[in-house]
Amino acid sequence: MKHYLDFEKPILELQRKLEELKKHPETHSLGISFEEEAAQIEKKIEETRRLIFSSLTPWQRVQLARHPKRPYTLDYLQMAFSDFSELHGDRLFSDDPAMVGGFARLDGHKVMVIGTQKGRDTRENILRNFGSAHPEGYRKALRLMRLADKFGLPISALIDTAGAYPGIGAEERHIAEAIAVNLRELMLLEVPIVAVVIGEGGSGGALGIGVADRVLMLENAYYSVISPEGCAAILWRDRAAAAKAAEALKITARDLHELGVVDEIIPEPPGGAHNDPAATAQTLKQHLLKHLKQLQKVSTAERLKRRYAKFRSHGPYLEPQPAAA
């Protein structure tokens with residue numbers, strides 16, 4: 001069963017009309033054949049979809065990034081990668097199913113893949129903690145990234161989380177320290193790193209595996225220091241102002257590409273990644289290969305220098321000039 005968002009209702013109505021026509025082909029009344037009428041409706045569906053998705057608001061893109069049918073990390077590992085061998089545990093506390101990772105091949109290239117994983121149903125969401133990793137998740141990710149650095153394997157990070165888990169247990173096990181250590185160590189790893197925001201990119205939870213030589217974003221993903229609802233609750237004291245907050249935060253792929261936070265936008269099929277997961281996976285694969293090949297041509301010292309400069313350039317500001325004596 002397809003899941004439609006509010007702004008997709010015109011498409012839904014046309015889809016229902018087409019299905020009804022196919023069930024009862026004798027009811028068409030346009031004075032043309034059944035095949036011609038069905039073709040006209042299908043053409044109208046494509047035109048309507050193109051019109052809607054060419055002018056999405058930031059809040060609508062946030063809704064698409066959270067779509068329950070959107071491909072998750074394990075889906076891309078199945079469709080874009082091969083020979084995935086998952087590794088478990090942080091060797092300090094436990095394993096965290098919200099953070100997955102292991103060895104894989106990307107079109108023949110050996111890589112280490114790490115990503116946040118959400119669940120499809122209630123049972124899996126409880127297991128995956130809705131994609132919000134605990135401290136042991138980030139420590140597991142760091143262990144795998146250090147392993148990749150030891151064996152000279154490029155790292156691919158797939159980001160899809162509303163944020164790191166903010167519970168009491170996570171605070172007791174030092175979630176902030178775990179993320180901070182990841183930020184520091186990711187800046188120092190000598191292998192090429194490419195991160196992709198495939199859905200939600202929430203705050204430090206995303207950044208904990210997002211320090212990379214190249215940061216890419218799917219067209220309908222978002223990357224933000226705070227969720228639109230959280231921002232609305234703070235600034236307007238009303239979570240209903242989330243659409244206004246999404247506009248002000250500049251969290252879409254296009255906004256972040258213009259600001260220099262994101263290096264490239266990966267296009268999605270009409271209707272979003274969930275409309276054609278296989279095509280999205282192939283496009284993702286092509287972009288990953290392109291950037292990994294480019295990074296492998298750069299010397300390690302130069303790559304580390306560029307990585308440092310990349311993140312130091314974010315958020316430029318002007319210092320006030322001292323007043324004349």
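1. In this predicted model, Arg-307 is buried, because its relative accessibility is 1% and the cut-off for burial is under 20%. The side chain of Arg-307 forms a salt bridge with that of Asp-213, at 2.8 Å from N to O. Arg-307 belongs to helix H14 (residues 300-312), whereas Asp-213 sits in the loop between helix H9 (203-207) and strand S6 (214-218), so the pair links parts of the chain 94 residues apart. Asp-213 is likewise buried, at 8% relative accessible area.

2. The whole structure contains 17 salt bridges. In one of them, Glu-200 pairs with Lys-118, with 2.6 Å between the closest N and O atoms. Glu-200 is in strand S5 (residues 193-202) and Lys-118 in the loop between strand S3 (109-116) and H5, 82 residues apart. Both Glu-200 and Lys-118 are buried.

3. Since Arg-139 lies in helix H6 (residues 135-151) and Glu-177 in helix H8 (residues 175-188), the pair ties together parts 38 residues apart in sequence. Glu-177 is partly exposed, with a relative accessible area of 40%.

4. Arg-128, in helix H5 (residues 122-128), is buried at 13% relative accessible area. A polar atom of the Arg-128 side chain lies 2.8 Å from the backbone oxygen of Pro-97.

5. The largest nonpolar core comprises 60 residues, and Val-196 is among those with the most contacts inside it. Beyond its sequence neighbours within four places, Val-196 contacts residues including Ala-157, Leu-216 and Leu-288. Another core, of 12 residues, lies apart and includes Leu-5 and Ile-52.

Methods. Residues numbered from 1 in each chain as written. Predicted model: local features only at pLDDT ≥ 70, side-chain atom pairs only at ≥ 80, totals over all residues. Heavy atoms only, no water. Core = buried A, V, L, I, M, F, W, Y, C linked by side-chain atoms within 4.5 Å. Buried < 20%, exposed > 50% of the residue type's maximum accessible area, 1.4 Å probe, protein only. Contact = heavy atoms within 4.5 Å. Helix = DSSP H or I, 4+ residues; strand = E, 2+ residues; numbered from the N terminus. Polar contact = N/O pair within 3.5 Å; in protein donor to acceptor, adjacent residues only side chain to side chain. Salt bridge = Lys/Arg side-chain N within 4 Å of Asp/Glu carboxyl O.
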